[in-house]
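Please look over the sequence and the structure first.

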Amino acid sequence: MNPGINCTMQMADSLCGFMGAGGLLMSTSGAENEKRFLSAGARTKSEYLVQLAEEETVNGASQGSFQSVIFSTPPGAETEEDEPKRSPPVETAVHPLPWEGSATPELHGTKAGRRIPGGSDMPRQFPKISLSEVDEQVRLLAEKVYASALKEEDTKEALAMFTVPEDCPIGLHQAKEHELLREMAEQQSEESAKRKKSFKLIRSQSMSLQIPVSADWALSVVSPLLSPVSTGPCLPEGFPEYQRVTISGDYCAGITVEDYEQASKSLLKALLIREKYSKLAYHRFPRTTAKFLRSAENEKWTVEDEILPEICPCPREGEDPYNMEDIPENLNYELQMKDGIIYVYDTPEALKQNEPRSLPYPDLETFAIDLSHVLAMIADGPHVSTPPNHHMRLTLRWKTYCHRRLNFVGSKFYLHEMLNEMAELKELKGVPHRDFYNVRKVDTHIHAAACMNQKHLLKFIQTTCKTEADRVVLEKDGQKITLKEVFTKLNMDPYDLTVDSLDVHAGRQTFHRFDKFNSKYNPVGASELREIYLKTDNYINGEYFARIIKEVAYGLEESKYQHAEPRLSIYGRSPDEWENLSQWFILHKVHSPNMQWIIQVPRIYDIFRSRKIVPNFAKMLENVFLPLFEATVNPQKHKEVHVFLKYVTGFDSVDDESKHSDHMFSYKSPKPEAWTAESNPPYSYYLFHMYANIMVLNNLRKERGLNTFQFRPHCGEAGSITHLVSAFLTSDNISHGLNLKKSPVLQYLYYLAQVPIAMSPLSNNSLFLEYSKSPLKEFLHKGLCVSLSTDDPMQFHYTKEALMEEYAIAAQLWKLSTCDVCEIARNSVLQSGLSHQEKMHFLGANYLKDGPEGNDIRRTNVAQIRMAYRYETLCNELSFLVDAVKSGTMDTQAQ
Ligand SMILES: [Zn+2]
């Protein structure tokens with residue numbers, strides 16, 4: 001949740017319910033779209049959509065139009081052709097191993113999007129795409145997707161069009177009939193028979209090559225192990241023997257070759273888009289997936305391709321964490337915000353000439369186009385009686401493919417567990433010293449203002465009342481108020497306070513009531529107590545808040561194996577928030593080796609705008625980001641911010657996701673400077689602009705040898721499924737992700753890219769989703785990278801060790817094995833903002849490698865069998881996609 005926004009929620013209340021004011025304002029770009037609808041000769045939005053669909057069908061050119069988008073190439077790179085290049089026939093029948101060069105053509109239109117030099121010697125650029133470069137079909141489709149996303153929000157039937165029609169048996173039956181007909185038709189087609197054959201050939205070749213031929217075991221795991229003819233694998237060292245689940249036979253059964261190829265191309269393309277955005281921002285991208293992507297492009301992955309975040313190692317014992325010596329010099333760069341993004345200029349002249357320093361500067365148009373590619377994969381027309389157009393059929397098949405693959409990996413795990421549970425347990429029993437209690441666990445999502453439990457807060461309040469009753473803690477209208485007077489005013493004796501009267505715990509009354517939940521941040525319902533105890537900038541300089549946090553940190557240090565990543569708020573109200581927060585941090589010595597700090601920015605521009613605190617959205621962004629750029633360029637002048645930033649590892653974007661925006665996000669959305677309306681920008685708009693500034697900032701900081709930040713928004717807790725698409729591009733990892741349950745395509749993409757998800761089933765239980773319906777177990781079993789987190793111990797937990805409580809309940813309710821919970825703990829360390837050094841210490845020196853090679857069982861207590869299973873399964877899924885692209889190529893050659 002988002003403790004940060006509570007105060008403003010109160011403001012909002014006084015603004016006569018902004019929550020209910022939905023659907024009143026039509027933004028500039030909305031109006032533009034309306035014009036388009038009208039000029040297109042259609043009268044209503046829905047007619048317009050139908051018309052678009054018809055155009056598409058009539059033109060008949062939409063097939064594959066999504067794949068043929070051309071990225072504009074950075075200077076020096078060759079231009080892509082529309083058609084795949086014919087390459088010389090492969091001479092031997094040997095199928096090239098993944099990430100070993102071969103003569104197959106590029107994946108369509110992806111090359112320029114990927115090549116981002118990682119070395120500091122080459123300038124990093126953001127490859128721009130302009131809408132004039134993409135063809136009309138794509139443009140129309142993009143518009144349609146955005147419009148339908150808006151319509152989806154309008155009708156409040158959130159998600160209806162993005163989900164699998166499982167709940168609609170008739171629709172499902174029709175779809176199946178249709179598929180059957182198509183398959184039968186395909187069987188009679190000579191061409192598809194040929195393609196199917198070539199795919200089978202490739203598949204069998206990759207299988208026959210499974211016996212490890214090189215040191216790189218990854219090469220050999222392209223598909224389920226062992227065809228019966230093989231003489232048995234010689235597993236590389238460290239790879240366990242266990243009962244592997246394999247499927248053999250017709251790999252295309254149940255899906256037509258065309259569908260399979262289409263789905264594979266689109267999925268690979270989406271992965272490449274994520275990779276591009278991750279690399280530019282110094283976000284992590286998993287090695288295995290990167291290797292397969294290179295293989296699809298006939299390139300070889302190398303370690304140099306890998307881009308990792310820069311995180312300051314924890315100061316050693318005896319070192320002063322607040323040391324202000326050796327602070328880097330002033331670079332004298334100039335800074336200016338343009339289109340909501342801070343641009344860096346080497347000199348004042350360069351600023352005048354408008355020649356920014358060579359850093360990647362993202363633009364909204366490119367992002368909107370990239371976003372629409374992924375959106376198009378998940379969007380689907382409403383289930384109406386009119387025959388679906390081509391794109392709708394296509395998305396339905398993408399969905400079918402992903403749905404099947406997810407079901408498969410889920411069922412595969414079920415079998416794996418049945419066959420290997422004992423073997424895994426046996427492995428764990430053999431590990432000396434390590435058990436579930438002393439593996440490292442990180443609370444990957446927790447808000448500082450609620451990081452203590454209710455009993456802790458109560459005790460703290462009572463202690464301060466006893467020992468510091470006469471201390472002045474508040475100033476109201478020039479009047480100084482002591483702690484004693486505060487309680488007298490509230491008509492309360494601190495001694496009589498109980499957790500019940502404190503009333504900060506969420507309960508049944510908060511379910512689906514985010515507003516009620518937010519008011520729980522006020523102890524005894526009194527905002528004064530929140531002001532005194534849970535704020536960093538108050539009359540006592542946030543001393544009580546710092547003391548509570550330090551008590552929590554002390555508990556973690558005592559436990560030794562638990563870490564937390566608390567969120568502190570920066571609102572963007574004024575530019576001095578960073579100075580204040582940094583001073584608070586240093587004054588009270590808040591640093592702890594068991595805490596990594598994350599800054600949360602609440603999405604409450606509308607409130608600031610209506611109170612005339614900021615004139616436009618750009619000002620809010622400037623207040624949040626400009627001080628960071630200034631402290632990076634001239635740390636000497638901003639020493640405190642510079643020191644504090646060493647311990648900040650990421651940014652979070654928070655607020656109620658079910659809050660609805662009236663604006664349709666697209667490439668036509670106004671620039672932040674022009675966003676002067678009082679309405680709040682939509683989620684994707686916030687995410688893009690936060691990502692853009694963090695990305696530029698990271699590149700600037702990396703150049704200086706300073707630490708970088710990760711973007712880790714709250715996402716998929718409620719609201720539109722499109723949020724998860726924006727985060728797929730912009731975020732290193734996310735919190736919640738519940739809505740992935742509703743989109744198989746996205747869920748499969750999050751699996752393939754191993755996007756970490758911090759889940760909080762206890763928090764969801766009080767707000768959005770009953771515990772028993774939480775998808776955590778399902779996600780874990782399928783192999784998504786999930787961790788457990790508390791969100792707000794003050795509202796949800798009972799015991800001193802909130803994170804353990806979270807693990808305990810999950811383990812009990814879902815009967816998780818020791819290996820399961822240790823795997824979650826390992827995921828949490830991987831996902832966290834802990835430094836490379838700490839991760840090596842907690843997970844093993846080779847933690848960056850995937851599979852059992854990267855696992856040190858003596859540290860993680862995760863069975864090697866489990867690691868091998870996960871790794872082989874992921875390789876198998878990825879190889880299906882790559883094989884499809886390659887078999888398509890061989891067809892072209894054969895002709
Ligand atoms: Zn939260």
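Predicted model: local features only at pLDDT ≥ 70, side-chain atom pairs only at ≥ 80, totals over all residues.

Two helices, α24 and α25, come within 11 Å of each other, axis to axis. A sheet of 5 strands is open and pairs in parallel.

**Helix pair α24 and α25**

- Two packed helices are described by the angle between their axes and the distance between the axes.
- Helix α24 spans residues 722-730, and helix α25 spans residues 744-752.
- Their axes cross at roughly 20°.
- Angles under 35 degrees count as roughly parallel, so α24 is roughly parallel to α25.
- The crossing of α24 past α25 is left-handed.
- On the α24 side, L724, V725, A727 and F728 make the contact.
- On the α25 side, the contact residues are L746, L749 and Y750.
- By class, this contact of α24 with α25 has 7 nonpolar residues, with no polar and no charged ones.
- An α-helix has 3.6 residues a turn, so residues three or four places apart point the same way.

**Burial of α25 and its surroundings**

- Is α25 mostly covered or mostly open? Helix α25 is mostly covered, with 9 of its 9 residues buried.
- The buried residues of α25 include the contact residues L746, L749 and Y750.
- P744, V745, Q747, Y748, Y751 and L752 of α25 are also among the buried residues.
- After α25 comes Q754, with a positive phi near 50°.
- Which helix holds M377? M377 lies in helix α11, residues 364-378.
- M377 has a relative accessible area of 3%. Buried means under 20%, so M377 is buried.
- M377 and V745 are 368 residues apart in sequence. In space, their C-alpha atoms are 7.3 Å apart.

**Open sheet**

- The strand order is β3-β6-β7-β8-β9.
- Which strands stand at the edges? They are β3 (441-447) and β9 (710-711).
- Each edge strand has a single partner, so one side of each is left without a neighbour in the sheet.
- Strand β6 covers residues 562-569 and runs parallel to β3.
- How many bridges join β3 to β6? There are 5 bridges between them.
- H447 has R567 of β6 as its bridge partner.
- Helix α29, residues 802-814, lies across β3 and β6.
- The direction of α29 is at about 110° to β3.

Note on methods. Residues numbered from 1 in each chain as written. Heavy atoms only, no water. Axes fitted to C-alpha atoms, helices over the stretch in contact; angles between N-to-C directions. Helix = DSSP H or I, 4+ residues; strand = E, 2+ residues; numbered from the N terminus. Parallel < 35°, antiparallel > 145°, perpendicular 65-115°, else oblique. Left-handed = near helix turned anticlockwise from the far one by under 90°. Contact = heavy atoms within 4.5 Å. Nonpolar A, V, L, I, M, F, W, Y, C, P; charged D, E, K, R; others polar. Pairing = 2+ DSSP bridges. Buried < 20%, exposed > 50% of the residue type's maximum accessible area, 1.4 Å probe, protein only.
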